Amino acid sequence: MWKKFKRLFIIKTKFEAFLIVYALATGAIARGQDYLVQYPGFGGKLLFLACTGAVFMAGAKMIDAIDYHKTYGQDY
């Protein structure tokens with residue numbers, strides 16, 4: 001039973017990774033817009049870029065990990 005539950009939290013395909021990246025990006029944009037309102041000017045823009053940049057780095061890492069697991073046959 002625990003194996004089936006654990007499997008829900010494993011990303012196996014790039015499509016699943018892209019869906020997660022999309023969800024993260026949507027949240028990052030919302031947070032970045034709040035930062036633009038709270039901190040008008042250059043500081044708000046930097047925080048906005050930090051939010052979106054973190055999503056790009058996390059997405060790249062997820063996609064690389066999927067490629068790594070497919071290449072080296074890492075089993076889940």
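Biologist: Before we start, what should I know about the numbering and the pLDDT limits?
Modeller: Residues are numbered from 1 along each chain as its sequence is written, and side-chain values use heavy atoms, with hydrogens and water left out. The model is predicted, so to speak of local features takes a pLDDT of at least 70, side-chain atom pairs count only at pLDDT 80 or more, and totals for chains, interfaces and linings use all residues.

Biologist: How many helices and strands does the chain have?
Modeller: Helices (H or I, at least four residues) and strands (E, at least two) are DSSP runs, numbered from the N terminus. Going from the N terminus, the elements read α-α-α. That makes 3 helices and 0 strands.

Biologist: What radius of gyration does the chain have?
Modeller: This radius is taken over C-alpha atoms, and the globule rule is 2.2 Å times the number of residues to the power 0.38. Along the principal axes, the C-alpha atoms fill a box of roughly 50 × 30 × 15 Å. A compact globule of 76 residues would come out near 11 Å, but this chain has 16 Å.

Biologist: What percentage of the residues count as buried?
Modeller: Buried means under 20% relative accessible area, exposed means over 50%, and partly exposed is in between (1.4 Å probe, protein chains only). Of the 76 residues in the chain, the buried share is 16%.

Biologist: Now the rings: how many aromatic pairs does a search of the whole structure find?
Modeller: Rings of Phe, Tyr and Trp (its six-membered ring) pair if their centres lie within 6.5 Å; planes under 30 degrees apart are stacked, over 60 edge-to-face, and the rest tilted. With that rule, the search of the whole structure gives 4.

Biologist: Why is the pair of Trp 2 and Phe 5 called edge-to-face?
Modeller: Their ring centres are 5.9 Å apart and the planes stand at 85 degrees, so the pair is edge-to-face. Both residues lie in helix H1 (residues 2-7), 3 residues apart, about one turn of the helix. Trp 2 counts as exposed at 64% relative accessibility, while Phe 5 is partly exposed at 44%. Ring pairs also link these two with one further residue into a cluster: Trp 2, Phe 5 and Phe 9.

Biologist: Which helix holds both Tyr 68 and Tyr 72?
Modeller: These two form a tilted aromatic pair, 4.8 Å centre to centre with 50 degrees between the planes. Tyr 68 is partly exposed at 44%, and Tyr 72 is exposed at 59%. They sit 4 residues apart, about one turn, in helix H3 (residues 42-72).

Biologist: Which residues does Tyr 39 touch, leaving out those up to four places away in sequence?
Modeller: Tyr 39 sits in the loop between helix H2 (14-38) and H3, and it is partly exposed at 44% relative accessibility. Contact means heavy atoms within 4.5 Å. Not counting residues up to four places away, Tyr 39 touches Gly 44 and Leu 47.

Biologist: How far apart are the C-alpha atoms of Glu 16 and Ile 63?
Modeller: Glu 16 is in helix H2 and is partly exposed, at 33%. Along the chain, Glu 16 and Ile 63 are 47 residues apart, yet their C-alpha atoms are separated by 9.8 Å.
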